[in-house]
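Student: Please take a close look at the cavities in this model. What lines them?

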Amino acid sequence: MDKKVKVYSTTTCPFCIRAKQFLKDNNIAFEDLDVGSNQVAAEEMIKKSGQMGVPVIDIDGEIIIGFDKDKIKQALEL
Amino acid sequence: MYDLIIIGAGPAGITASVYAARRRLNLLVITKDIGGQAAWSGDIENYTGYQFITGPELAGKFEEHMRKFNIPLKENERVTEIKKIKDYIWGESDKGSYEARAVIIASGKKTKELGVPGEKEFKNKGLTYCAICDGPLFADKEVAVIGGGNSALDAVLQLLTIAKHIYLINAAANLGAEAIMREQVEKNDKVTIMNNTQVKGIFGDSLVKGINISTGKEIKTLAVEGVFVEIGLVPNSEFVQDVQKNERGEIKINRSNETNIPGIFAAGDVTDVQEKQIIIAAGEGSKAALSAFKYLAKTG
């Protein structure tokens, strides 16, 4: 079964743009949460990751901070 | 043993790798990330061929160009030491050790840290070095921007539409930024400019609650939830001890991108090259690769 992927990001952050592009390039569907405009998502992100830096990627509960390609690949078994 | 190892994959390192690959050198690129500072840039309007392109887009184009040559690439890897041993260069990273006949250092620059208590502890917990990334998280909050140059004022301008109030904490007597930015900031009543003021510490619990500042005579606290550190850049040159550097830590090079050690070349923002621009870094990368190619032909 496909893993559930959530991306917490801001519209302006370069590495968020690249993280999302990376997921798209690998045909991974994800929920795109803009923590700049969505306060609930922002609080959820801070609670899950214990920090405020973006992007934060939640892959089936595994929290990856930053655009860490190796960790994303591992979590998605790419 | 490799012919050439390139350290860094920003505009300089990537351009060097393309030139070296076209000369069929036995090549390896070791880098922390791809795109370097270019990937963090906002809008770019002075890279010839693109009237307008964003930093991430240009970095993506660079990466695509490099990937076309199937250049062996170690990403997410940080070089910790390099030195010349006899006629080759030995290097170590956080993941392994390497040998090459020549090396191009193109490791760029990184943001300078304040060096005050609480800075490491609260990094990404309210303290950030990337206003463009994390700025939107501070909607309607009181924040402090540390610095007085162009990048600090750029952060202030970005935060004007987001934050509730901005304290600009500047260690110098005056703002050093361009007049056009200074005027925009000075006339805005959402901004309190505090010159001759130094940050002494960051405090909070799980997230930032405030900063301690000193005006010379007394130490005051300022309640803020966000701290944006924008005090300039330092070269990533600490892993190489033996090459000559200037007082800023930039690696000294000649017109052919040679350092004082034969076989070690350098290019881009990590060097003492006059201007730090994406297009200049790219050009310097190509020069360094061609010089390294000549060196390898001569010593092979």
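Tutor: Here is a walk through the cavities, with the ground rules included. This is a predicted model, where local features need pLDDT of at least 70, side-chain atom pairs count only at pLDDT 80 or more, and totals for chains, interfaces and linings use all residues. Residues are numbered from 1 along each chain as its sequence is written, and chains are lettered from A in the order in which they are written.

There are 2 cavities of 30 Å³ or more. A cavity is a set of points, on a 1 Å grid over the protein atoms alone, where a 1.4 Å probe fits but cannot get out; lining residues have an atom within 4 Å of a point. Volume is the space filled by probe spheres set on the points, with grid points joined across faces, edges and corners.

The largest cavity has a volume of about 80 Å³. Its lining comprises 13 residues, and I5(B), I30(B), I82(B), G91(B) and Y98(B) lie nearest the centre. Two or more lining residues come from each of β1 (2–9), β6 (79–85), β7 (88–93) and β8 (97–105) of chain B. Strands here are DSSP runs of E, at least two residues, numbered from the N terminus. The lining divides into 10 nonpolar, 1 polar and 2 charged residues. Ala, Val, Leu, Ile, Met, Phe, Trp, Tyr, Cys and Pro count as nonpolar, Asp, Glu, Lys and Arg as charged, and the others, Gly among them, as polar.

The second largest cavity holds about 40 Å³ of space. M52(A) and G53(A) are among its lining residues, as are N124(B), L127(B) and F138(B). That lining divides into 4 nonpolar, 4 polar and 1 charged.

Conventions:
Side-chain values use heavy atoms; hydrogens and water are left out. On a 1 Å grid over the protein atoms alone, a cavity is a set of points where a 1.4 Å probe fits but cannot get out, and a pocket is an open set with protein on both sides within 12 Å along at least five of seven lines; lining residues have an atom within 4 Å of a point. Helices (H or I, at least four residues) and strands (E, at least two) are DSSP runs, numbered from the N terminus.
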